[in-house]
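Dear colleague,

I am passing on the structure we discussed, so that you can look at it alongside my notes. Below it I have set out what was found at two of its interfaces.

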Amino acid sequence: MSKKKSRVSPMIKEVFAHIFMKPATCKYPFVKAEVPEGFRGKQVFDINLCASCGLCSRDCPAKAIEMVEVEGKRRPLFHLDQCIFCYQCAESCPRNAIKSSMFFELASTDKSNLVVKPEPSHQEKSGA
Amino acid sequence: MLDFLLIFRVLVFPGFTFILFFTLFCDWVERKIEARMQNRVGPAVAGPAGILQPLADFIKLLTKEEIIPRDAKKNIFRIAPIIAFSVMVFAICFLPIDGSSAISMSGFTGDLIFIMALVTVANFFLFMSGWASSNPYGGIGAARVLTQFLGYDIPLFLLALTPAFLAGSLTISAIAASQYLPFILLAPWGFVLFIIALQAELEKDPFDIPHAESEVVGGLETEYCGGKLAFLHLTRDVQIVLGAALVVELFLGGPYGPVFFGLPAFWYSLWFVLKVLAVVIVTEYVTCLFARLRIDQVLTANWRMLLPLSVLSLALTVAMATYVYPMVV
Amino acid sequence: MQARLSDKVQIQPAYLGKATIHVDAGLNRDVVRILLENDGNVGISAITGLDMGEKIGVMYHMRTDGLIVTVRTEVPKENPQIASITDLIPGANFHEREVADLFGIVFQGHPNPARLVLPDDWPANLYPLRKDAKLEEVTANVENCASCSAQHEPVQLQPQSEGKLVNIVVGPQHPALLEPEKFQIKVDGETVNDVEPRIGYVHRGVEKASEQRTYLQDVYLVERICGICNSCHAACFVETVEKIMSVEVPARAKYIRTIILELNRLHSHLLLLGHAGLEIGYETLFQYMWRDREPIMDLTEMLTGNRVISSAMTVGGVRRDLSETDVPKIKTRLEALMKKMDFYQKLYDSEPSFRMRTRKVGVLSKEDALRLCVVGPVARASGVNMDVRKDDPYEAYGEIPFKVITRTEGDTFARLQVRLDEITESINIIDYAVDHLPSGPYRIKVPRVVTAGEAVNRVEAPRGELFYYVKSNGTAYPERVKVRTPTFANIPAFIKTAIGGSIADVPANFVSLDPCFSCTDR
């Protein structure tokens with residue numbers, strides 16, 4: 001380290017300069033925060049691909065996936081209040097029926113909102 | 001009619017109401033500018049640019065439940081914050097804000113000393129409030145307030161004598177009125193030292209020992225909540241305004257400045273407000289520059305550095321006022 | 001190596017570290033003493049207890065020449081007694097107390113055999129990590145306690161005087177501690193006379209819980225031992241499992257792991273340096289540091305899908321590849337951070353109030369650092385040249401040039417300065433790894449069932465050496481997972497340096513260890 005040591009604190013200049021600078025803070029609830037591609041958000045489950053194997057439920061480290069009966073077949077139900085968003089389920093799924101979405105605003109006052117249900121219809125369930 | 005004017009001046013302008021709202025406004029400026037210096041946004045939600053945030057905080061605290069600890073000395077615990085607050089506001093009433101002080105006939109010889117004494121009394125009541133809470137952290141915090149205050153009161157007072165010497169008076173209105181050339185130009189050394197001593201007096205970094213939350217949790221406020229806490233916070237904010245106002249009166253030419261048209265009282269109030277804000281920003285800037293010193297370092301800094309320097313500063317001022325300035329001015 | 005005891009011990013080279021020494025229960029002290037005589041730098045990394053049915057295994061994982069030597073002995077379960085080695089190596093103090101708590105082994109001659117991690121009202125003969133410990137006994141005990149807690153005296157929090165000494169209780173809830181632990185500090189005026197730590201307030205029994213989950217699930221479990229050094233835990237665990245299975249991870253996975261581990265170190269160090277600013281009342285420094293930490297979090301989010309918990313490691317590689325388009329983003333952000341580091345270095349060199357608060361505070365001498373077996377930046381700031389990345393290279397560290405930062409002062413300032421310099425080194429490491437990223441697969445398929453065996457492994461976490469021991473019994477569930485976190489090894493250093501110092505220095509001194517209690521408690 002052959003840096004020449006200065007006696008004057010660089011803070012004096014830095015703090016003064018910051019008075020005229022834009023704050024670094026994101027105004028989050030007013031301005032939407034952006035998440036990058038591949039973010040591990042709320043799950044999107046495609047029932048048409050599901051083979052009812054139950055591997056996702058078996059491998060889930062948080063035991064957040066419950067297998068429920070939908071139209072006579074066993075399908076995964078995601079309990080988001082227990083989910084740790086590791087996406088082991090997506091990795092274990094042999095048919096890629098589970099995908100992640102960029103949706104992360106999961107706070108809720110009602111626990112019953114915090115599930116991703118396997119929809120019996122043929123429409124794909126949207127993230128919101 | 002005179003009585004009505006007096007009541008208006010004491011209660012509304014430039015008295016209690018004005019001081020209260022000005023204090024809240026200063027608090028907002030302080031928070032906003034500190035946030036900017038730290039590259040943050042600061043208060044942003046309540047009112048335009050968060051200007052109502054201090055008021056919102058105050059009202060919120062007033063609505064909270066009041067809890068008095070079982071072991072507290074209840075009467076003192078209850079009234080000490082209110083008394084401290086009242087004494088601070090009372091002290092401001094003696095400062096000429098719109099050209100004369102709130103109690104207009106109150107200016108008497110030596111009111112500078114009286115104001116300094118009032119500040120001491122107010123700080124003593126702050127100490128009482130912490131001590132009465134019977135909490136170790138409250139006790140330590142309160143003891144620190146007192147230790148620091150007693151130490152820094154002496155240099156602060158010595159430094160306050162600098163402008164008194166230059167003006168040849170111990171009356172604040174006379175000192176303020178005699179500054180055709182602000183004393184900051186005549187005695188800049190006194191101004192710099194006064195700001196440092198004030199920083200300690202107002203318990204701001206690098207001297208905010210009584211608020212060192214990593215050491216003493218909430219300091220003297222630890223056991224307080226609700227309305228009493230609101231008043232403790234307000235006391236602290238009023239103290240900052242008072243300190244800044246003292247600087248304005250003593251070194252920056254008081255409320256006096258150019259009058260362009262209309263009522264001089266309006267312009268004087270405006271100059272006063274602007275000057276106080278400038279001082280608040282300067283103290284906030286200093287706060288942002290430093291880390292908190294340790295209590296022994298704070299006391300050492302006082303007795304070894306600030307006290308001798310303020311004596312020197314006074315001597316220099318006396319010498320200049322006697323031999324140099326009469327020739328120049 | 002140990003010719004003097006060769007007829008009584010069996011040495012098994014290249015097993016559980018550099019070598020494993022099997023000894024009888026009575027001889028553990030002798031072996032440790034001989035190890036100490038051979039090399040003055042011997043430290044103890046961990047003591048592992050192991051339920052072996054009839055017997056309880058005790059393993060002393062000693063550190064010599066930067067490598068692990070395991071001293072292995074067994075005691076009968078009925079009468080689990082063994083001689084303490086705390087008088088030989090003071091750093092073994094906490095390790096022995098923890099094993100005593102969790103396995104019920106009596107360490108004879110231990111200076112303070114009080115409970116360390118278990119609560120005071122835990123039943124006397126229930127040792128949670130023994131295989132025969134029943135959950136019902138604990139739940140029954142909780143019910144008992146609910147009824148008896150009413151009779152308990154409320155905890156006295158007022159300072160109690162013992163003659164001239166005043167007791168100050170810091171914690172379990174205190175602004176200087178972000179996590180709940182208790183330190184009872186005896187103060188004589190402003191001077192600290194004694195510190196009595198009590199940990200375990202957030203003990204979650206991760207070691208036990210991991211025995212009931214598969215290896216696959218355990219990766220995510222151990223990752224959550226510590227939020228800040230999460231990747232280190234996951235990496236250390238998967239490496240241990242890979243050692244048991246003798247799996248060689250593809251080179252590309254090694255480099256990606258290195259990048260993620262170093263990002264982890266960057267954000268952890270920036271967090272600590274900012275937090276240190278807060279503890280000494282330097283709010284501006286705190287805000288700036290955390291602002292500059294944000295791009296690192298964004299990078300982690302971009303690479304792994306989450307800001308903090310990266311979940312990037314898996315047995316056999318990493319879970320996500322690093323795409324070419326990410327490389328320039330990584331580079332520009334690190335360059336920006338590098339410029340900021342220059343500012344911080346100037347600040348460290350010149351800011352008077354910062355230097356007044358940190359220099360000559362909490363000085364830990366090199367001798368004490370060795371005796372107390374401290375790890376990581378705390379040891380390096382006292383002049384102990386130890387860094388698992390250099391001593392026992394894992395992942396791609398053997399191929400990447402970097403310096404081990406050491407200083408000799410051993411005070412709070414040195415501990416912070418070491419971290420500041422390590423940030424620069426980390427940026428260089430990531431830079432190098434990104435430039436030299438090998439092509440090829442980023443993970444290989446491994447079976448879910450792990451072959452029987454055991455292994456130890458170490459990773460240099462931001463706070464120091466992180467130690468894992470995993471024993472597999474040939475199923476998909478581990479038989480035993482032992483975690484020794486860096487803070488657990490560093491707390492004795494705080495006790496040592498706080499005594500004799502000012503009470504006002506306690507926060508600054510303490511935070512310079514970068515304490516992480518959720519790690520410590522597991």
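Between domain 1 of chain C and domain 2 of chain C, about 2,200 Å² is buried, with 62% of that area lying on carbon and sulfur atoms. On the domain 1 side, the residues that lose the most area to domain 2 of chain C are Arg63(C), Pro90(C) and Phe94(C), which together account for 24% of what that side buries. Please bear in mind throughout that this is a predicted model, and that every value quoted here is computed from it.

As for where these two parts lie in the chain, domain 1 of chain C covers 3-108 and domain 2 of chain C covers 206-502. The contact draws on 30 residues from domain 1 of chain C and 25 residues from domain 2 of chain C, and the centres of the two domains, taken over C-alpha atoms, are 27 Å apart.

Glu98(C) forms a salt bridge with Lys482(C), in which the closest N and O atoms are 3.3 Å apart. Across the interface of the two domains of chain C, 8 residue pairs are in polar contact, counting pairs in which both residues have pLDDT 80 or more.

Which elements of domain 1 of chain C supply at least two residues each to the side that touches domain 2 of chain C? They are strand E3 (43-51), strand E4 (55-64), strand E5 (67-76) and helix H2 (92-103) of chain C, and the largest share, 9 residues, comes from E3(C). Sorted by class, that side of domain 1 of chain C has 15 nonpolar, 11 polar and 4 charged residues.

The other interface to look at is the one formed by chain A and chain B. Here the contact takes 13 residues from chain A and 10 residues from chain B, and the two chains bury about 1,100 Å² between them, of which 68% is on carbon and sulfur atoms. Across the interface of chain A and chain B there are 0 salt bridges, while 3 residue pairs are in polar contact, again with both residues at pLDDT 80 or more. The side of chain A that touches chain B is made up, by class, of 9 nonpolar, 2 polar and 2 charged residues.

With best wishes

Notes
Residues numbered from 1 in each chain as written. Chains lettered and ligands numbered in written order. Predicted model: local features only at pLDDT ≥ 70, side-chain atom pairs only at ≥ 80, totals over all residues. Heavy atoms only, no water. Domains from an automatic or database assignment. Contact = heavy atoms within 4.5 Å. Buried area = accessible area lost by both parts, 1.4 Å probe. Salt bridge = Lys/Arg side-chain N within 4 Å of Asp/Glu carboxyl O. Polar contact = N/O pair within 3.5 Å; in protein donor to acceptor, adjacent residues only side chain to side chain. Helix = DSSP H or I, 4+ residues; strand = E, 2+ residues; numbered from the N terminus. Nonpolar A, V, L, I, M, F, W, Y, C, P; charged D, E, K, R; others polar.
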